[in-house]
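Welcome! Here is a short briefing to read alongside the sequence and the 3D view.

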Amino acid sequence: MQPTAAATTLPTVQGLVLDFLAYLEFERGLSRNTLDAYRSDLGQYAQFMEAREHDVLSATGEDISAFLDGLAGGSPGPEGTVRKPAAAATVQRKAACLRSFYRHVRREGLLDADPTADVRGPQKREQLPKVLTRAEVAKLLAMPGRDGSAEPIVLRDKAILELMYACGLRASEATGLEIGDVDLEDAMLRARGKGSKERMVPVGRRAIDALVRYVRDGRGTMVGGGSERALFVNARGGKLSRQGLYKIVQRHAKSAGLDDRMSPHTLRHSFATHLLAGGCDLRTLQEMLGHADIATTQMYTHLSAQRLQDVYRDAHPRAQHA
């Protein structure tokens with residue numbers, strides 16, 4: 001495939017990539033993590049094309065299929081080694097990155113046709129996320145302070161767990177909260193989701209109670225005389241990192257005997273599944289989760305159906321074969 005005749009001076013690969021990433025950041029509002037992943041994906045692809053003695057503007061569907069097939073089957077590594085096959089989800093992400101990249105290049109008038117038009121990445125096997133039962137959630141939330149301790153860190157951990165389950169927050173949303181984002185009087189919270197999109201989410205009474213105790217009796221001691229604006233802080237009084245939050249969740253999950261059931265989003269998934277089981281409609285759940293596409297939210301209908309089947313098989317006297 002040839003570049004358009006209108007393009008007299010072709011940009012370098014680095015220039016194309018930087019322009020594409022700038023478009024994603026400033027016009028699409030994608031997160032820093034996504035931008036970093038796309039930069040890495042395009043760098044890997046450019047190296048592959050260079051090894052084939054092609055540039056990205058002369059790529060064909062065959063080139064792109066070979067790149068993706070090589071990832072799925074185990075691509076050549078340094079000094080004759082072979083890299084282990086990439087997961088289907090990883091290959092699919094790289095395929096999505098290339099499709100988005102070439103659509104952008106076409107919009108810029110540098111190509112007549114899209115080389116990814118007929119390329120199909122591997123099918124991503126649908127994996128339902130891990131979800132805790134209501135009893136398991138209650139057990140997890142009871143871990144901080146179960147020995148009667150009211151230390152500031154204990155109050156913080158209790159507030160984090162209660163709030164993440166009460167509002168279905170992503171880890172980054174929880175750590176990104178500032179003091180002014182939670183209205184303790186009206187029990188509402190402002191969350192900043194992907195692409196810096198804001199949404200308002202109601203907060204349950206138990207989470208509000210835990211937050212009030214943390215803000216009143218714990219946070220001030222942890223911050224000391226500092227002016228930290230983050231709601232959740234670490235032991236030194238600075239903003240709690242996502243890694244720090246993960247460690248808190250895993251520590252209490254291990255104490256509850258649930259560490260094998262937990263992932264970074266387990267409380268978020270449990271929030272969504274329990275709301276649907278309680279009669280919440282999909283559109284309302286979509287808004288509370290901050291999903292741009294309701295198709296993402298529909299995953300939880302499958303999860304609820306699977307949960308119903310599991311309960312039925314366990315509870316109904318004629319559900320199992322003799």
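This is a predicted model: local features need pLDDT of at least 70, side-chain atom pairs count only at pLDDT 80 or more; totals for chains, interfaces and linings use all residues.

Residues are numbered from 1 along each chain as its sequence is written, and side-chain values use heavy atoms, with hydrogens and water left out.

**The sheet**
- Three strands make an open, antiparallel sheet in the order S1-S2-S3; strands (E, at least two residues) and helices (H or I, at least four) are DSSP runs, numbered from the N terminus.
- At the edges are S1 (182–183) and S3 (198–202), each pairing on one side only; two strands pair if DSSP finds at least two bridges between them.
- S2 has a covered face with Leu189 and Ala191, while Met188, Arg190 and Arg192 are on its uncovered face.

**S1 with S2**
- Two bridges link S1 to S2 (residues 188–192): Val182 partners Leu189, and Asp183 partners Met188.
- Four residues separate the two strands of this hairpin, and Ala187 in the turn has a positive phi of about 55°.

**S2 with S3**
- Five bridges join S2 and S3 in the antiparallel sense, and Met188 stands opposite Pro202.
- This hairpin has five residues between its strands, with Gly195 at a positive phi near 70°.

**Thr297**
- Thr297 belongs to helix H12 (residues 294–297).
- Thr297 counts as buried because its relative accessibility is 0%; buried means under 20% relative accessible area, exposed over 50%, partly exposed in between (1.4 Å probe, protein chains only).
- Beyond its neighbours within four places in sequence, Thr297 is in contact (heavy atoms within 4.5 Å) with Leu282, Leu285, Gln286, Leu289 and His291.
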